[in-house]
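Hi,

Here is the structure I promised to pass on. Could you load it before you read the rest?

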Amino acid sequence: MKIIKKIAFIIIFLFININAFGAVSSLVGQKNWGTGEQRQPTGVLFNPDGTKMYSTGTVQNKIYMYNLTTPFTVTSATYSSKTCDLTGENDALMFRFNSDGTAIFVLDTATTETIDKYSLTTAYDISNCSLVAGSPQDFGGGMEMRSFSFSNDGSKIFIFDQDGNNEKHSIKEYSLASSFDLSNPTLVTEYVGHNSDLNSIEDFAQGLEFSSDGTKMFITGNKEDTILAFSLSNPFDLSANVTYDGEHIVTDVVELGAITFSSDGSKMIVADWKNSAARGVFQYDLTCGFGVVKCIDPTANKDDVASVESQSEGTKKLIQHTTYPVLNRMEWLRRNSGRVNLTNQNIKFQFNNEMLNALSSSLIPLYFSNDNSNESNYQNSMWSFWSEGSISIGRTGDSATSSFKDIKTSGITLGADKKGEDDIMRGIALRFGADDVDVGDLGSALDMSSFGLTFYESRPRGEQRFVDHLLGLSFLNSNLINNSGSTSTDGDRYGEQLYGSLSLRDTFSKNRLNFTPKLKINYGITHLGAYEETGAEGLNLEFNDQYIGNFTSSLGTSLDNTYDFKIGTFIPYFDFEYYADMSPSSQQTFSYRSNGEEFTLKNINNSTHNFISGIGFDFVSENGLTLMTKYTRDQAKDNKNDSFVIALDYKNSQRSLYSMSLKDTSAELSHNRKFKSLNLDVDSHYDFFKDDPDYGIYIQISNLN
């Protein structure tokens, strides 16, 4: 007997733990209808912010509106004395609003089962509703419609058909020619449920509902007051993989009717359509959004997966976008060696950050020095000042596990370099970048701002052979929006990145045609800090720290030729490169803030084999201005990226001074030029880390005498 008790205890323990995240809590509130209000509720809805509640049923043939002092809390509801008098055939079972609340669609089952459309003069104000002539739609007839629902954008409608005659319940999915337009529906698929049918739900089932992101579906039935839960691999798509999650029995109601949720899914509200004054709507709190049976698995949600992937991919692309301008600069110097003297300018950098100030006052002079120079010589050495701006547009297609990603990147790089007496070119570059990634169809997004500081050098290994090397540090600030349809979460994430690149190149020349094979290795490590989402109590996630390694190698070549004209020199060139991403996989662990249930997305890796081709030209004018432009296509199997680059270099006199400073999040660039009797000062600033950046320019001309 003791053994049996122990076995029973173990079974109960395992059962409890298996269902530890069964998300429904106990009843937290109930709203009973008053005299003259809805007596047999079959449908209940809220407006988007949860401050108004609506109910309909098969007795009064009206829709009633209630005001809520606490959003989505039924115990705070008071009758507003506003109704929509349904002038169709009536016996309404369910109703839905369109996306802006200017129309109501009502399931009318009195004689001929149809969905009728009513227009509203004021959004979500039902007191002036009117039946739209000719609107009733029977979808070909022959159905016993019990409930219906739309996709978020109104491009699809789903109808629960309780086909009592054939004893074959199903959910029919129709596509609509335009949003919420029922005039010409097209049947897409008919879902008959788990185990090939939905007949586990008895007749008189009343509820059909989706989660806000369309990845969960719920059906309510009168038999044992059961809620059936399903997971959809594709949002609002019953033709793809639909998984039965299980069932939950509601014990507080007599006859279970409609089901609805708060916008974040943390509250579940059901209607009891028992014709009794003591019945009404019941509210339950869920431990996670839409977790009637179990929580939404973020690792199975394509938008959530794509959001995590976009962060990993974004950090790797950042290394590429930060190192390329510097490598472009060194290749430009190679193409123009012996043709253009280095600009004679005095460059100084100023930072209000103590760490960066230390770099500018100690490490930078040391970095630029050589055996035959000291700090005083450094201040008067030959400098070249350059800048490069780039715009990149790309797209990664959707996959079986991840949504598509549209990527826009822009950046500006400011640099300065000089050639030492040891013939080594050394330089420093600052890059400010912004990445905007749109994920999926619901509006999820990643906005990442970055600042990078790069040291670089080009060492000659013969007359035409060079070894280029760079090391750098970037700081990242990301704003992440995770949109689930009717609600969204957002969070801010910070990170740091160390990166480097080593490039070997050799040039073979014949006449003015140059052929340059090159080998390059990029490497780096990124740390993304932990962060928490806010905005939707039931859906907020908490993310742990993440470390992302980067290692890529590439092999390529470039061709260029030189044409001399009176106004300057024109150098067209063509690049071709193959690179392989051999970065190690990373993983991201996160959990629901509401109940701590943890998930891990493993094997995050965008290992690819890419081909990069570029075409551009250099123009070196006689007045000291040089221009470099380049168009690049980065092509892989499932993604592509198009970039356009423009870079400038200007040769000036020793009477010029450029000053680059960083103050908080604002970058300032100053230029001072002395003429014979005049002094010209130009100051500009730009804040790269604001959604609506501050910027300005100031010009002053003064007399030197």
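Below are my notes on ring pairs, nonpolar groups and salt bridges.

A bit of bookkeeping: this is a predicted model, so I kept local features to pLDDT of at least 70 and counted side-chain atom pairs only at pLDDT 80 or more, while totals for chains, interfaces and linings use all residues. Residues are numbered from 1 along each chain as its sequence is written, and side-chain values use heavy atoms, with hydrogens and water left out.

Rings first. I pair rings of Phe, Tyr and Trp (its six-membered ring) if their centres lie within 6.5 Å, calling planes under 30 degrees apart stacked, over 60 edge-to-face and the rest tilted. That rule gives 28 aromatic pairs. Take Phe 158 and Phe 210: the ring centres are 4.7 Å apart and the planes sit at 50 degrees, so this pair is tilted. Phe 158 belongs to strand 11 (residues 156–163) and Phe 210 to strand 14 (residues 207–210), so the pair ties together parts 52 residues apart in sequence. Strands here are DSSP runs of E, at least two residues, numbered from the N terminus. Phe 158 has 0% relative accessibility and counts as buried; Phe 210, at 5%, is buried too. (Buried is under 20% relative accessible area, exposed over 50%, partly exposed in between, with a 1.4 Å probe and protein chains only.)

Phe 432 and Phe 451 make another tilted pair, with centres 5.3 Å apart and planes at 35 degrees. Phe 432 is in strand 24 (residues 425–439) and Phe 451 in strand 25 (residues 444–460), 19 residues apart, and both are buried. There's also a cluster, in which ring pairs link Tyr 531, Phe 543, Phe 590, Tyr 592 and Phe 599.

Now the nonpolar side chains. A core means buried Ala, Val, Leu, Ile, Met, Phe, Trp, Tyr and Cys residues joined through side-chain atoms within 4.5 Å. The largest has 47 residues, of which Met 53 and Ile 157 touch the most other members. Apart from that core lies another of 41 residues, including Val 253 and Phe 599.

Strands 29 (513–528), 34 (568–581), 37 (609–621) and 39 (639–650) each supply at least two patch residues. Ile 646 lies in strand 39 and is partly exposed at 39%.

Last, charges. With a salt bridge defined as a side-chain nitrogen of Lys or Arg within 4 Å of a carboxyl oxygen of Asp or Glu, the count is 26. Lys 172 bridges to Asp 161 at 2.8 Å, N to O, and to Glu 190 at 3.2 Å. Lys 172 is buried at 11% and Asp 161 at 2%, whereas Glu 190 is partly exposed at 34%.

Asp 245 also forms a salt bridge with Lys 216, the closest N and O atoms being 2.7 Å apart. Asp 245 sits in strand 17 (residues 242–249) and Lys 216 in strand 15 (residues 216–221), 29 residues apart.

Cheers

Definitions and conventions. Helices (H or I, at least four residues) and strands (E, at least two) are DSSP runs, numbered from the N terminus.
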